[in-house]
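Grab a pencil and have the structure open beside you.

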Amino acid sequence: MARVVFTANLQRHVSLPPVTVPGQTVREVLEAVFALNPQARGYVLDEANALRKHMVIFHNGEPVLDRIHLSDAVDDNTEIYVMQALSGG
Amino acid sequence: MDRRILVATRKGLFTVVRESDRWKVADAAFLGDNLSLVGYDPRTGAIYASIHHGHFGVKLQRSEDGGATWREIATPAYPQDIVESPPMIDDFRKTAIPWSVQLIWAFEAGGRDEPGVIWLGTIPGGLFRSSDCGESWELNRPLLDRQREAKWTGGGYDFPGLHSICVDPRDSQCITVAISTGGVWQTRDGGQSWCVASHGLRAEYMPPDQAYNPLVQDAHAMVQCAANPDRLWIQHHNGVFRSVDQATSWQEITTVQPSVFGFAIAVHPHDAETAWTVPAVKDEKRYPVDGRVVVARTRNGGVSFETLTEGLPQGHAYDLTYRHGLAVDSTGEWLTFGSTTGSLWVSEDQGNRWQNVSTHLPPIHCVKFIE
């Protein structure tokens, strides 16, 4: 179980209010979000289901270690922030 | 609907209209977003906008009410079995080409007998077909298989890209596409099989014995005459080429002044002998020759070209026009072109005189007449 918050810049494309969803890993948590809102997937993940190059996911305040499989473990106190990676100055 | 011009830019989609003999920017959509392309389906009047969100990836939007409202539709994507297959290797760079759509680079509506069919070209070089106006997309696998053999490579971009799609108006199963860099390819059976169709193109950037290798040709843009589809024109990396036999062979045109280099080309829809280019200094210095913006026009199939300047800046102008930055309307009378420095011009007399619409737009990627 984790609370997931999405960058405000994504809200103009897909409405994604903060949500608490089940899951043992970042991947499972995100899949639970995408089950509620399928359109969100393509904004966060690429065709290979890896995190998009210019996106970053913070997991209890730290960028996730596994950007490909998103295997970082979560527990009931985990907060996940899906953000844009800094780019463009 | 009145004729309008849609201008896809680095920072939004702009609508340009004619009012009291003047053209002006009338509206903006997707402000701040990077639009790689705008497409128009004359069969339905639908407009398609390809948006390249730096963070969120490539997305497609469609408007069925002339641009008043938009709806996100499906984005073409490589299928999972392709994504999981070994990467293709760029033959020049020896780097892996990702199975990930980085940019939508070509849009073409299918034939009149194929309602709902839309073709898209992408970077990396994929060709995608929709049979439902973009609600879903299918990768053309036969062309991808040919790509694996033919070793397409990146040109201006790191990865090869399919930028031009010509659907023969006489036969919608005959489709000719051009790749930077990978030459010209043609299908006569709606995409089930493909053959290379770039014989006669010449690549100055290759060793001499490979200059005429049809697989390494860097076509920048390719257009087909609507009234005489056997006639096609290419603005190539190092020259202009014309085909009079439906891309079976190509002849080099060396008479373009002030330069044979450029990205964009347009052909008159009713007169295959008339074509326009927007020349620039070749090829490592990409700005107008002598800082003078000009359009080159031939009326005799490339035997000779006129240099059109009236209304265009003739000193210290550094506008470069990209491959989708020049368009002609369905009458062949009106033209428009836009530049990387945000200038836009319109002509109502085949390029004899040009009216400047703006010099302050964002960098222009694509212009399109909506009729």
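**Exercise 1. Find what share of the contacts in chain B join residues at least 24 apart.**

Start with the term: a contact means heavy atoms within 4.5 Å. Next, keep the contacts in chain B between residues at least 6 apart in sequence; of these, 50% join residues at least 24 apart.

Before going on, a word on the ground rules: this is a predicted model, where local features need pLDDT of at least 70 and side-chain atom pairs count only at pLDDT 80 or more, while totals for chains, interfaces and linings use all residues. Residues are numbered from 1 along each chain as its sequence is written, chains are lettered from A and ligands numbered from 1 in the order in which they are written, and side-chain values use heavy atoms, with hydrogens and water left out.

**Exercise 2. Work out how chain B compares with a compact globule.**

Step one: the radius of gyration is taken over C-alpha atoms, and the globule rule is 2.2 Å times the number of residues to the power 0.38. Step two: for 371 residues the rule gives a value near 21 Å, and chain B has 19 Å, which agrees. Step three: buried residues (under 20% relative accessible area, with exposed over 50% and partly exposed in between; 1.4 Å probe, protein chains only) make up 61% of chain B.

**Exercise 3. Describe the open sheet of four strands in chain B.**

Strands are DSSP runs of E, at least two residues long, and helices are runs of H or I, at least four, both numbered from the N terminus. Two strands pair if DSSP finds at least two bridges between them. Now read off the order: β26-β27-β28-β29, with antiparallel pairing. The edges are β26 (326-328) and β29 (355-358) of chain B, each pairing on one side only. Zoom in on β28 (residues 344-347) of chain B: three bridges join this strand to β29(B). There, Trp345(B) has Asn356(B) as its bridge partner.

**Exercise 4. Classify two aromatic pairs, Trp105(B) with Tyr157(B) and Trp152(B) with Trp185(B).**

Rings of Phe, Tyr and Trp (its six-membered ring) pair if their centres lie within 6.5 Å; planes under 30 degrees apart are stacked, over 60 edge-to-face, the rest tilted. Over all chains, the count is 13 aromatic pairs. Trp105(B) and Tyr157(B) sit 5.3 Å centre to centre with 85° between the planes, so they're edge-to-face. Trp105(B) is buried at 7% relative accessibility, whereas Tyr157(B) is partly exposed at 42%. For Trp152(B) and Trp185(B), the centres are 6.1 Å apart and the planes at 55°, so this pair is tilted.
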